[in-house]
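Here's a quick tour of some local features worth a look before you set anything up. Have the viewer open as you read.

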Amino acid sequence: MKFLLIGKNGQVGWELNRSLSKLGNVFAVGRNELDLSMPETLGAIIQDIRPDIILNAAAYTDVDKAESEPELAMTVNGISPGVIAREAKKIGAGMIHYSTDYVFDGKATSPYKEENPTYPLNIYGQTKLAGEQAVTQAGIPHIIFRTSWVYSLRGGNFLTNIQKLAQTRKQLKVVDDQTGTPTSARAIAESTTHILGQGLNAGTTKSSIFSHPGIFHISCGGETNWFGFAKTILKLSGLSEDTEVTPIPTSEYPTSATRPKYSLLSNKKLKQVFHHEMPPWQAALQ
């Protein structure tokens, strides 16, 4: 199999670049080689590489900044995935695309299923939903993985931000009224590779991999809030004795973008179809 991995320097992309190599040849590109803010340039690169499967792990992920850059966010998250999918169709390639829990409005009281109505509260969520729709409408073999609260040991994310803040502050205030599931980029990448590997073991064609196309939720197990996540990060990092964490409501931490209060994702479909279970969030974090 020849894989084209878009977004090799992102959290999920970096981990995918490590895990996918066991399945085939990986052509990993970053923004310098393939820039989703310039959709008109994507076709030539895809046609040149002619992969069997394209994995799009690139995205505009600054949730708050997207409120002031809606056109750029939509180009990267909404328009370019559609362009990639249409180019994939020309060469008979399949596509793996990643989306977010922020396509939901957070008003649910039980974990969201794939078929639940979407109603994003912010520009980021709206653009990611547009990307989902564009990939789906292209009519290609595809899997869209929706995930949540992604973090890794690289780059700027909640985990690394909490660790940095704890080095200089004795007290941190963290929101405790938003419920979700932290999901490590490594768990996402390893699960993606495992599912692709299952498909390859079942046959050597793309049809065996994409025998169950559509949207799947792929978040770690369990639930917490940002306060609980922060407390666990500090404990596992050996920083809990030096830093006090105080819970606060969202109203005391205003942001440009509105976040859903509840964004748990149900992984039942993932388990039923692919017989794969995501690790508990605490275990993945450790």
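Where is the place of histidine 275? You'll find histidine 275 in the loop between α9 (268-274) and α10 (281-285). Keep in mind that this is a predicted model. The phi of histidine 275 is positive, about 55°, although the residue is not a glycine. With 65% relative accessibility, histidine 275 counts as exposed.

Arginine 50 also has a positive phi, about 50°, and is not a glycine either. Look for arginine 50 in the loop between α2 (42-49) and β3 (53-56). Arginine 50 is partly exposed, at a relative accessible area of 45%.

## Aromatic pairs

How many aromatic pairs does the structure hold? The count is 11. One of them joins tyrosine 102 and tyrosine 124 edge-to-face, at 6.1 Å centre to centre and 80° between the planes. Tyrosine 102 sits in the loop between β4 (94-100) and α4 (123-137) while tyrosine 124 belongs to helix α4, so the pair ties together parts 22 residues apart in sequence. Both tyrosine 102 and tyrosine 124 are buried.

Then there's tryptophan 226 with phenylalanine 229: the ring centres are 6.3 Å apart and the planes lie at 35°, so this pair is tilted. The two residues are 3 apart in helix α8, about one helical turn. Tryptophan 226 and phenylalanine 229 are both buried. They also belong to a cluster linked by ring pairs, together with Trp149, Tyr151, Phe158 and Trp281.

## A charge over a ring

Lysine 269 places its charged end over the ring of phenylalanine 216, at 4.4 Å from the ring centre.

## The second largest pocket

The second largest pocket comes out at a volume of about 390 Å³. Its lining takes in 23 residues, and those nearest the centre are Tyr151, Ser184, Arg186, Ala284 and Leu285. Split by class, the lining has 11 nonpolar, 7 polar and 5 charged residues.

Which helix gives the most to this lining? That's α6, with 5 residues. At least two residues each come from α1 (11-19), α5, α6 (185-202), α8 (226-236) and α10.

## Alanine 166

Alanine 166 lies in helix α5 (residues 158-168). Is alanine 166 buried or exposed? Alanine 166 counts as buried because its relative accessible area is 9%, below the 20% cut-off. Leaving aside residues up to four places away in sequence, alanine 166 touches Leu234, Leu239 and Thr243. Alanine 166 and glutamate 244 are 78 residues apart in sequence, yet 9.0 Å apart in space, C-alpha to C-alpha.

Methods. Residues are numbered from 1 along each chain as its sequence is written. This is a predicted model: local features need pLDDT of at least 70, side-chain atom pairs count only at pLDDT 80 or more; totals for chains, interfaces and linings use all residues. Side-chain values use heavy atoms; hydrogens and water are left out. Helices (H or I, at least four residues) and strands (E, at least two) are DSSP runs, numbered from the N terminus. Buried means under 20% relative accessible area, exposed over 50%, partly exposed in between (1.4 Å probe, protein chains only). Contact means heavy atoms within 4.5 Å. On a 1 Å grid over the protein atoms alone, a cavity is a set of points where a 1.4 Å probe fits but cannot get out, and a pocket is an open set with protein on both sides within 12 Å along at least five of seven lines; lining residues have an atom within 4 Å of a point. Grid points are joined across faces, edges and corners, and a volume is the space filled by probe spheres set on the points. Ala, Val, Leu, Ile, Met, Phe, Trp, Tyr, Cys and Pro count as nonpolar, Asp, Glu, Lys and Arg as charged, and the others, Gly among them, as polar. Rings of Phe, Tyr and Trp (its six-membered ring) pair if their centres lie within 6.5 Å; planes under 30 degrees apart count as stacked, over 60 as edge-to-face and the rest as tilted. A charge sits over a ring if NZ of Lys or CZ of Arg is within 6 Å of the ring centre and within 35 degrees of the ring normal.
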